[in-house]
Every structure is written in structure tokens, then in C-alpha cells.
Amino acid sequence: PATTNTESVSLAEISDDVQIRNAYDQIFPLVRNKRYDEAIAGYQQFIAMYPNSIYVANAKYWLAQIYSVQSRTEEAEREYLSVAQQYSSSSKAADAWLKLGQLYENQNKPEKALNAYNQVVTQYADSTAAQMAVNRLQALKSSN
């Protein structure tokens with residue numbers, strides 16, 4: 001009986017993981033279909049319901065992307081920073097730093113942009129984002 005008890009716990013955990021993944025996966029089609037307000041509500045609800053989920057960093061990243069598209073730069077910056085700093089081991093962290101650099105460039109804040117791009121290059125040297133950051137750093141240096 002003891003083994004069936006631990007088996008049922010792990011089955012419950014697996015079923016929870018599947019349920020959480022399904023909840024997360026249902027939001028992105030809203031982004032794809034440009035239903036941004038619904039997607040924002042979906043991601044915010046997801047984060048509130050599953051604050052310890054491995055998908056929180058991704059949810060925050062997509063929130064930042066939506067805010068960026070909507071020119072809500074303060075909210076975008078907040079969410080990108082959250083992903084980059086609080087979820088630095090996430091697959092989205094390097095991209096978040098890169099997007100922050102682009103956000104700062106668009107706001108004509110070259111010092112902040114340089115800092116963000118340098119974060120990508122130093123922390124995530126082997127990433128695709130790092131190569132893009134190197135290109136942006138070179139462009140910024142040549143424009144000064």
C-alpha cells in the first residue's frame with residue numbers, strides 16, 4: 001500500500017503538470033490573433049494561479065512583448081526586467097535582456113541599452129540573442 005500511495009502522488013503531480021501546461025498553451029493563440037487584452041488577462045491570471053510554474057518566465061516574457069507592441073513601455077520594461085533578473089536561468093532571460101536593449105534604444109537611452117546588451121553578451125555568450133546583442137553594440141558604438 002505504501003508504494004501505491006507514492007505512485008498516486010507522482011501521477012497527481014504529472015496530471016497537474018499537464019493541466020498547467022494546457023492552461024499556459026491556451027493563451028498564446030490569443031497573442032497570435034492579436035487579441036492582446038484577452039492575452040494579457042490570460043497571462044496575468046495564469047501567473048496568479050501558478051506562481052511557481054516553470055512557465056511563469058515565459059508568461060511574463062509574452063506580457064512584455066504584448067506591452068511593447070501596444071507601446072506600453074513602462075509595463076514592457078517591468079516584465080522584461082522581471083524575466084531577466086528573477087528568472088535568469090530561464091530560456092527567455094537572454095531574449096528579455098535583448099528586448100530591453102531594443103526598448104532602451106527606441107527610447108533614446110543609449111547607456112541603458114548598452115548595459116542591457118552587455119548583460120546578454122556576458123551572461124549568455126552562446127545564445128543567439130548574444131550575437132544579436134553584439135551587432136547592436138557595434139551599431140551603437142559606430143553611431144557615437
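This is a predicted model: local features need pLDDT of at least 70, side-chain atom pairs count only at pLDDT 80 or more; totals for chains, interfaces and linings use all residues.
**Figure 1. Eight helices and zero strands make up the protein.** Helices (H or I, at least four residues) and strands (E, at least two) are DSSP runs, numbered from the N terminus. Residues are numbered from 1 along each chain as its sequence is written, and side-chain values use heavy atoms, with hydrogens and water left out.

**Figure 2. Helix α4 (residues 56-69) packs with helix α5 (residues 73-86).** Their axes (lines fitted to C-alpha atoms over the stretch in contact) lie 8 Å apart, at an angle of about 155°, with angles running from 0 to 180 degrees between N-to-C directions. That makes α4 roughly antiparallel to α5 (an angle over 145 degrees).

**Figure 3. Here are the residues where α4 meets α5.** On the α4 side, the contact (heavy atoms within 4.5 Å) is made by Ala57, Lys60, Tyr61, Leu63, Ala64, Gln65, Tyr67 and Ser68. Helix α5 brings Glu75, Ala76, Arg78, Glu79, Tyr80, Ser82 and Val83.

**Figure 4. The protein has a radius of gyration of 18 Å.** A compact globule of 144 residues would come near 15 Å; the radius is taken over C-alpha atoms, and the globule rule is 2.2 Å times the number of residues to the power 0.38. Along the principal axes, the C-alpha atoms fill a box of roughly 70 × 35 × 20 Å. Of the 144 residues, 39% count as buried (under 20% relative accessible area, 1.4 Å probe, protein chains only).

Key: Angles under 35 degrees count as roughly parallel, over 145 as roughly antiparallel, 65 to 115 as roughly perpendicular and the rest as oblique. Buried means under 20% relative accessible area, exposed over 50%, partly exposed in between (1.4 Å probe, protein chains only).
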